[in-house]
Structures are given as C-alpha cells and as structure tokens.
Amino acid sequence: MPAASSPSPPPTGTGITKLTNCRLVIGHSLTPSDLFINSQTGKIISPSDDTLIPDVTIDLHNRILSPGLIDCQLNGAFGFNFSSFTSPEYIKNIHTLNTKLIRTGITSYLPTLTSQTPELYHSTLPHLGPLRPIPTPLTYTSSSTSTASTNEETDRTRTLTLIRNPHHGSESLGAHVEGPFLSPSQHGIHDLSVLRSANSWQDLEQVYGHSNLTSGGNNIKMITIAPELGSITTLIPELVSCGIVVSLGHTECTFGSGPKRGQDGDAFV
C-alpha cells in the first residue's frame, strides 16, 4: 500500500506521518483515532501512540480513513491496455495509469495480460513486477573490529527495505497472466491462435521467460489456467513454491470433475 500523500521526510527526520482527526474502520465501527505511518515503507506503525514524533501531521477533518482496494485483475485503464506493448511509451503509460488509479481508491493491483505470444510476455513482464526492495548501507554487527577485516561481508549486514514514493500513485504487486493455457472452447475474448497446453516447466519458461517465473524475479504473481489441459496441474506445486497464486478459469471442468480446489495449491476460481 503506498505511503500517505505527503512530502518525503528529510534524511534526519523520523520518517513518520501522523494522520489526525479521522475515523478508522475497526471491526464494524468507525472509531475516532490518530494513525501513524512510516512515510518510506507505507506501513502503519500504531493506531495511536502519543510518544511518536511525526515529520508531518495531516488533519483529515473527521474524514473516514479506510484500507485501500486491491484489484486482482486489471487489464488496463484510462485508455491503456497492459497487453499492448509499445516502447518506450509502455513505461510512461504505466506511470500515468498509476497516478490516476490511486484516485479511485485502488492502492495496489495485479496488471493483467490476456493470452499472448511468448514475445509479448517477454517484453512486458519485466515492467509489471512489484516494487523491489533496496539494500541499506552495510553496517558492522561485531562488537569488536580489532581482528575483523573491513572488506569481509561476514562482519557486516544488509537489510532490504521497500522505499515507496507516494507521488507515484498505485503500485503493482506483480502481473496476473490470464493464459495462454486456457480451454479453446472457453476462450472468451482470448485469441484462439495463441492458446496452448503445458506439459513441463520448460513449457512455462518458454512462454513467460525464466526470470519472470522465479521467486527472485517475482514479476508474475498470479496465473490463470484450465486444469484439464496437458499436465499443467502437476506444475501447480512448483508455481506456488515460486510465490505465484494459481487460479482456475476459462475451463471445461466443473466443480465436480475438476481438481479439488486447494488440493495442489490452487487458490482462486
């Protein structure tokens, strides 16, 4: 979730934004309270803590402060389609979409690609991944440096921090690839000519690209498949191990004839 819409704090500040005079959605009630947010990570620090000293205080004048919406399937918006790749306009169009989308209440989303050729997946997916953590400067962890070498990584540690810029608007959590492993008889708007089956992990890599599937790349967050095609259900556990949510759709299977939901790791229908 992006940080509060306030200027970034100076390097010597606390990095805290205080939202005051607001009503929070807690349980089934609207509760008057203040809210403290880390302006760099966007994370809530505490519902109410008078000991925190903020860099910025924003008076919401009794407005309701609610969680942002997460859209799990956004094919595009404001005249832009994620499945239409043109370089270098593609990145610029994503940034424009993000700044407009935040005004609708959607703070995070999965940019969704319909069934496409491998070439288009390889071109678009590197731009649709989530925000990458940035390593902080190296710091010593040993209490004594008399025998430690300043060049040894073992004496130092790095932490990874997500640094968000609230002015960039909504953010991607990773792409949703809806296809091309879908049933031809249930293709909907998907192009029949690019639909296919998968029988091995290499088939998935050939379509999406190796780096887009691995947990290190993490550009893909969700995949929609028709479970009756090829041997794709045998690949579900490996997809899940890479942090990819598996959804069943555009399929000829019924609830009775298809795999039991969740049995292999699939979580959506």
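**From values to terms**

Modeller: Let us begin with His61, which is found in strand β4 (residues 56-65). Please keep in mind that this is a predicted model.

Biologist: Why does His61 count as exposed?

Modeller: The relative accessibility of His61 is 55%. The term exposed requires a value over 50%, so His61 counts as exposed.

Biologist: What makes the phi of His61 worth a remark?

Modeller: The phi of His61 is positive, about 55°, although His61 is not a glycine. Most residues other than glycine have a negative phi. Asn62 is also found in strand β4, and the phi of Asn62 is near 70°, a positive value in a residue other than glycine.

Biologist: Why is Asn62 called partly exposed?

Modeller: Asn62 has a relative accessible area of 41%.

Biologist: Let us turn to aromatic rings. How many aromatic pairs does a search of the whole structure find?

Modeller: The search finds 6 aromatic pairs.

Biologist: Why is the pair of Phe80 and Tyr90 called edge-to-face?

Modeller: The ring centres of Phe80 and Tyr90 are 5.5 Å apart, and the planes stand at 65°. Rings pair if their centres lie within 6.5 Å, and planes over 60 degrees apart count as edge-to-face. The pair of Phe80 and Tyr90 is therefore edge-to-face.

Biologist: Which parts of the chain does the pair of Phe80 and Tyr90 tie together?

Modeller: Phe80 lies in strand β7 (residues 80-81) and Tyr90 in helix α1 (residues 89-101), so the pair ties together parts that are 10 residues apart in sequence.

Biologist: What makes the pair of Phe85 and Tyr90 tilted?

Modeller: The rings of Phe85 and Tyr90 are 5.0 Å apart, centre to centre, with 55° between the planes. Planes under 30 degrees apart would count as stacked and planes over 60 as edge-to-face, while the rest are tilted. An angle of 55° therefore makes this pair tilted.

Biologist: Are Tyr90 and Phe85 buried, partly exposed or exposed?

Modeller: Tyr90 has a relative accessible area of 1%. Buried means under 20%, so Tyr90 is buried. Phe85, at 30% relative accessibility, counts as partly exposed. Phe80 is buried.

Biologist: Which residues do ring pairs link into a cluster?

Modeller: The cluster consists of Phe80, Phe82, Phe85, Tyr90 and Tyr109.

Biologist: How do you know that Lys18 and Asp34 meet in a salt bridge?

Modeller: The distance between the side chains of Lys18 and Asp34 is 3.7 Å, N to O. A salt bridge needs a side-chain nitrogen of Lys or Arg within 4 Å of a carboxyl oxygen of Asp or Glu, so the contact between Lys18 and Asp34 qualifies. A search of the whole structure finds 1 salt bridge.

Biologist: Where do Lys18 and Asp34 lie?

Modeller: Lys18 lies in strand β1 (residues 16-26) and Asp34 in strand β2 (residues 29-38), so the pair ties together parts that are 16 residues apart in sequence.

Biologist: Why is Asp34 called buried?

Modeller: The relative accessible area of Asp34 is 19%. Buried means under 20%, so Asp34 is buried.

Biologist: Which residues form a nonpolar patch on the surface?

Modeller: Val25, Leu30 and Ile64 form the patch, with about 250 Å² of accessible area together. Leu30 lies in strand β2 and counts as partly exposed at 41% relative accessibility.

Biologist: How do you know that strands β15 and β16 pair?

Modeller: Strand β15 (residues 220-225) and strand β16 (residues 245-248) share 4 bridges in the parallel sense. Pairing requires at least two bridges, so these strands pair. Ile223 stands opposite Val246 in β16. Together with helix α5 (residues 236-241), β15 and β16 make a right-handed β-α-β unit.

Biologist: Which residues does a cis peptide bond join?

Modeller: Pro88 has its place in the loop between β7 and α1. A cis peptide bond also joins Gly179 and Pro180, with omega about 10°. Most peptide bonds are trans.

Terms used:
Residues are numbered from 1 along each chain as its sequence is written. This is a predicted model: local features need pLDDT of at least 70, side-chain atom pairs count only at pLDDT 80 or more; totals for chains, interfaces and linings use all residues. Side-chain values use heavy atoms; hydrogens and water are left out. Helices (H or I, at least four residues) and strands (E, at least two) are DSSP runs, numbered from the N terminus. Buried means under 20% relative accessible area, exposed over 50%, partly exposed in between (1.4 Å probe, protein chains only). A crossover is right-handed if, with the strands pointing away from the viewer, the path from the first strand over the helix to the second runs clockwise. Patches are made of residues with over 30% relative accessible area and no salt bridge: like charges are joined within 9 Å, nonpolar side chains (Val, Leu, Ile, Met, Phe, Trp, Tyr) within 5 Å. Accessible areas come from the Shrake-Rupley method with a 1.4 Å probe; for residues, only the protein chains shown count as cover.
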